[in-house]
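The exercises that follow ask you to read a protein chain step by step, and each task is followed by a worked solution. Please keep the sequence and the structure in view as you go.

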Amino acid sequence: MSEQHSPKQQPTASAPAPTPPAASEGPGLTLYGGTGTGRRVTVRDLARAKQAGERWPMLTAYDAMIASVFDDAGIPVLLVGDSAGNNHLGYENTIPVTVDQLVMLTGAVVRGTKRALVVADLPFGSYQVSPAQALETGARFLKEAGAGAVKLEGGVAMVRQVEALVTAGVPVMAHIGLTPQSVNVLGGYRVQGRGDEAAAQLLADAKAMQAAGAFAVVLELVPEELAARVTAQLDIPTVGIGAGAGCDAQVLVWTDMAGLTPGKLPKFVKQYADLRGTLGDAARSFAADVVGGSYPGPEHAFH
Ligand code: KIV
């Protein structure tokens, strides 16, 4: 996750969660919800949502059980992000994550879901070398893990990679703005696109990705006004993270969203639960019962 820190957000009050809209087929299909459609969300559904002005949510997922919770909640797109590095695999950042690791996690997320479009991140070093390398890696995610699409970081510099993937049948979500795989070049996790020159470059990156065939573009840590401008000028959906309210969709790392990530969260995160507190309390209650001899009770025993 981004290292840009701000005071930790408090979990919101425990109001009952809204229910997803009812399922419907055809043109009336809503992206959020619609769990009974009997098929997965496709890139065409996302294109239709852009035309209809329908906003949608995306979350990361790294395992089958959590993915199934989000699928049941009607989240239409799940990203097996390389944020698995720091949110699932215990690394400091996304750089060390390997293709084999993400293929394994992606397979689990696909097996845990019925409806979500599962997008897999191409890890650092697995696509930048050449279009052929990008295609080889991308194909693995579709063939071995069952992903519906891949995501890669970079704008104009990645045009040939995106073209090669899309031409061969691998849908691509692009990711521009703050690109965490380039943290060592960028010198930290900071807002991108500030100033006229940087803003023009971001817009050019977004347009290049659209022209190369990307079906959506993630905008990470970008000023709200610039993200809104990019969104208005693209035919494909923008997915914002720290990019304000003007994007077509919003994505959060699930452990940030649900309050499992320890420490301070980036300013853009809204925390919707306190899983770290809840799980810690559960573990302490279990431990106290074991130490005190009240678990297992007679009702848990076999005779
Ligand atoms: O890896 C990831 O989780 C991401 C999202 C934050 C967009 O790239």
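**Exercise 1.** Does Leu 221 count as buried or exposed?

*Solution.* Begin by noting that this is a predicted model. Next, locate the residue: Leu 221 sits in the loop that runs between β6 (216–220) and α9 (224–233). Its relative accessibility is 3%, and since the cut-off for buried is under 20%, Leu 221 counts as buried. Finally, look at the backbone, where phi of Leu 221 is near 50°, a positive value in a residue other than glycine.

**Exercise 2.** Describe the chain as a whole, from its secondary structure to its overall dimensions.

*Solution.* First, take the secondary structure: the chain contains eleven helices and eight strands. Second, consider the extent of the chain, whose C-alpha atoms fill a box of roughly 70 × 45 × 35 Å along the principal axes. Third, compare the radius of gyration with what a compact globule of 303 residues would have, which is near 19 Å; the chain has 20 Å, and this agrees. Last, among the contacts with a separation of 6 or more, 59% are made by residues 24 or more positions apart.

**Exercise 3.** Find which residues have the most contacts inside the largest nonpolar core, and then examine the surroundings of Phe 141.

*Solution.* The largest nonpolar core has 84 residues, and those with the most contacts inside it are Trp 56, Met 58, Leu 78, Phe 141, Leu 219 and Val 239. The largest share of this core comes from helix α8 (residues 196–212), which gives seven residues. Now set aside the residues up to four places away in sequence from Phe 141; what Phe 141 then touches includes Val 99, Leu 102, Val 103, Ala 120, Leu 122 and Val 150.

**Exercise 4.** Work out which parts of the chain are tied together by the salt bridges of Asp 248 and Arg 140.

*Solution.* Start with the total, which comes to seven salt bridges. In one of them, the side chain of Asp 248 meets that of Lys 50, with 2.7 Å from N to O. Asp 248 lies in the loop between β7 (238–241) and β8 (249–252), and Lys 50 in helix α1 (residues 43–52), so this pair ties together parts that are 198 residues apart in sequence. Both Asp 248 and Lys 50 are buried.

Continue with Arg 140, which forms a salt bridge with Asp 100, where the closest N and O atoms are 2.8 Å apart. Because Arg 140 belongs to helix α5 (residues 131–145) and Asp 100 to helix α4 (residues 99–111), the pair ties together parts 40 residues apart in sequence. Arg 140 also meets Glu 144 in a salt bridge, at 2.9 Å from N to O, and these two residues, four apart in helix α5, are separated by about one helical turn. With 26% relative accessibility, Arg 140 counts as partly exposed. A network of salt bridges also links Arg 39, Asp 45 and Arg 48.

**Exercise 5.** Where is Gly 112 placed, and with which residues is Gly 112 in contact?

*Solution.* Gly 112 is found in the loop between α4 and β3 (117–121), and its relative accessible area of 18% makes it buried. Once its neighbours within four places in sequence are left aside, Gly 112 is in contact with Ala 64, Ala 67 and Ser 68. A separation of 9.7 Å lies between the C-alpha atoms of Gly 112 and Phe 70, which are 42 residues apart along the chain.

Terms used. Residues numbered from 1 in each chain as written. Predicted model: local features only at pLDDT ≥ 70, side-chain atom pairs only at ≥ 80, totals over all residues. Heavy atoms only, no water. Core = buried A, V, L, I, M, F, W, Y, C linked by side-chain atoms within 4.5 Å. Buried < 20%, exposed > 50% of the residue type's maximum accessible area, 1.4 Å probe, protein only. Contact = heavy atoms within 4.5 Å. Salt bridge = Lys/Arg side-chain N within 4 Å of Asp/Glu carboxyl O. Rg over C-alpha atoms; globule rule 2.2 N^0.38 Å.
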